[in-house]
Amino acid sequence: MHIAQNYTPLTEESAAEVARSLKYFSNNEKLEVSEIGDGNLNYVFRICSSQSGKSIIIKQALPYAKVVGESWPLTLDRARIESEALKKAGEIVPEFVPKVYHHDPILAYTAMEDLSSYVILRKGLIEGYRYPHLAKHIGTYLAHTLFYTSDWYLHPFEKKELVKQFSNPELCKITEDLVFTDPFFDSDTNSFPDALRPAVEKIWNDDDLIHEVAQLKYAFLTRAESLIHGDLHTGSIFVTENSTKIIDPEFAFYGPIGFDIGQFIANIILNAISQEYHASQPQAFQEYLYQVIEETWHVFSNQFLQNWQQRGTEKYTQTVKVASTILKQVWEDTVGFAGCEIIRRTIGLALVADLELVKPLEKQIQLKQQALELGALFIKERRSITLESLLQTLRSV
Ligand code: SR1
Ligand code: MG
């Protein structure tokens, strides 16, 4: 493993020194530091001063995947990718991303806006909170980031420079393995209760399904359409009642437009499935979540089309029929990628609290079976599934 010379993991003390060196706090201010990272890969230090009320986040990449340990080395370059993706999104949709103050390529940390007044969307949804602007915000974020980094808007030279800048092979490989390969075979990274094995083996033995997943993986490997977030699950979204911030784009690269939308929808569906356990009135909360899916797609597709018509620079944006063909393909990809994400979050390496918290185990298994069936259906039938039929299927589960 190659680690940059002078790289060292930060401690609470050195993180405070870093924050001081950025001149964010005055020299004599007493700082409180806590490591609050609960993700799979990085350290996240929150540094605050009760004196000035100011606070800052220092996020540092570790040279390995925290979720597994030092046996899984991982490039520090992901910290650069993340800070540059946040800055790029900040140029396009500043209202939906944290501000970046500084990036250090040697220590692989980024200093950014503290969003401690926000909660992680996954947690908020599990606890039954509704976010009235969520769909509008996510749909707008997706439409703008995905359109303004695409060939429909950028000069081809600029676009190809960005493809180079955001070349992210190691993090892509994680997704290629954990989303598109391992869950569909008997791999060591998979994790599921014994009682779920018959449902899992049904997936592994479904040749038609495997054939379709191969095509989705190939799309992810080859289709450099837009600068995508690359890991847009509900743990990468911070919310308050009125505001939404998309964080953690360390998996960003040029990929298929439908991937981000599919991951978001998949994680909303996983939460909806789990509400049969979490909610006191499951149907009402599930209906709210289905409306989030419907509105997100409507906002995304309408705004993407408006950008196309008003800001498109590529010659073929003058042909509206092309836009509807592209959006049809994006929808089909969205459904297929959502299916892969649902399956990998149910039996793969990075499981989700929504389902893992369900008790007793028999109930959890029943809900996981539902998730696996839905995921397989989405993958195999994505060419004929419409938004309406997808919602109808969800409502009938
Ligand atoms: C080893 S990383 C596991 C998962 O965590 C990240 O958030 C990505 O979703 C990745 O697949
Ligand atoms: Mg993450």
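Which residues are around ligand 1? They are Asn-40, Leu-41, Val-67, Trp-72, Ile-174, Leu-178, Asp-231, His-233, Phe-251, Arg-344, Arg-345 and Ala-350, where a residue counts as near if one of its heavy atoms lies within 4 Å of the molecule.

Before going on, the conventions. This is a predicted model, in which local features need pLDDT of at least 70 and side-chain atom pairs count only at pLDDT 80 or more, while totals for chains, interfaces and linings use all residues. Residues are numbered from 1 along each chain as its sequence is written, chains are lettered from A and ligands numbered from 1 in the order in which they are written, and side-chain values use heavy atoms, with hydrogens and water left out.

Back to the shell around ligand 1. By class, the shell has 7 nonpolar, 2 polar and 3 charged residues. Here Ala, Val, Leu, Ile, Met, Phe, Trp, Tyr, Cys and Pro count as nonpolar, Asp, Glu, Lys and Arg as charged, and the others, Gly among them, as polar.

Next, the polar contacts, meaning pairs of N or O atoms within 3.5 Å; within protein, one atom must be able to donate a hydrogen and the other to accept it, and residues adjacent in sequence count only if both atoms are side-chain atoms. An N or O atom in the side chain of Asp-231 is 2.7 Å from an oxygen atom of ligand 1. For Arg-344, a polar side-chain atom is 2.8 Å from a ligand oxygen. For Arg-345, the distance from a side-chain N or O atom to an oxygen atom of ligand 1 is 3.1 Å. On its own, ligand 1 has 320 Å² of accessible area, and the protein covers 95% of that; areas come from the Shrake-Rupley method with a 1.4 Å probe, and for residues only the protein chains shown count as cover. Two or more residues of the shell come from each of α6 (169-178) and α11 (320-347), with helices (H or I, at least four residues) and strands (E, at least two) taken as DSSP runs numbered from the N terminus.

Now the empty space. Rolling a probe the size of a water molecule over the atoms shows where empty space is left. The search uses a 1 Å grid over the protein atoms alone: a cavity is a set of points where a 1.4 Å probe fits but cannot get out, a pocket is an open set with protein on both sides within 12 Å along at least five of seven lines, and lining residues have an atom within 4 Å of a point. Grid points are joined across faces, edges and corners, and a volume is the space filled by probe spheres set on the points.

Where does ligand 1 sit? It sits in the largest pocket, the test being that more than half of its atoms lie within 2 Å of the pocket's grid points. That pocket has a volume of about 1200 Å³. Its lining has 49 residues, and Asp-38, Gly-39, His-233, Gly-235 and Asp-248 lie nearest its centre. By class, the lining has 26 nonpolar, 11 polar and 12 charged residues.

The second largest pocket holds about 250 Å³ of space. α13 (361-381) and α7 (197-204) each supply at least two residues of its lining, and α13 gives the most, with 7 residues. The lining divides into 6 nonpolar, 1 polar and 5 charged residues.

How many cavities of 30 Å³ or more are there? The count is 3. The largest cavity has about 120 Å³ of space. Of its 15 lining residues, Ala-85, Ala-89, Tyr-141, Thr-145 and Leu-227 lie nearest the centre. α2 gives the most to this lining, with 5 residues. By class, the lining has 11 nonpolar, 3 polar and 1 charged residues. For the second largest cavity, the volume is about 50 Å³, and its lining has 3 nonpolar, 3 polar and 4 charged residues.

Last, the backbone. Most residues other than glycine have a negative phi, and most peptide bonds are trans. The peptide bond from Lys-359 to Pro-360 is cis, with omega near -10°, and Pro-360 is in the loop between α12 (353-356) and α13. Lys-23 has a positive phi, near 65°, and lies in the loop between α1 (12-21) and β1 (32-35).
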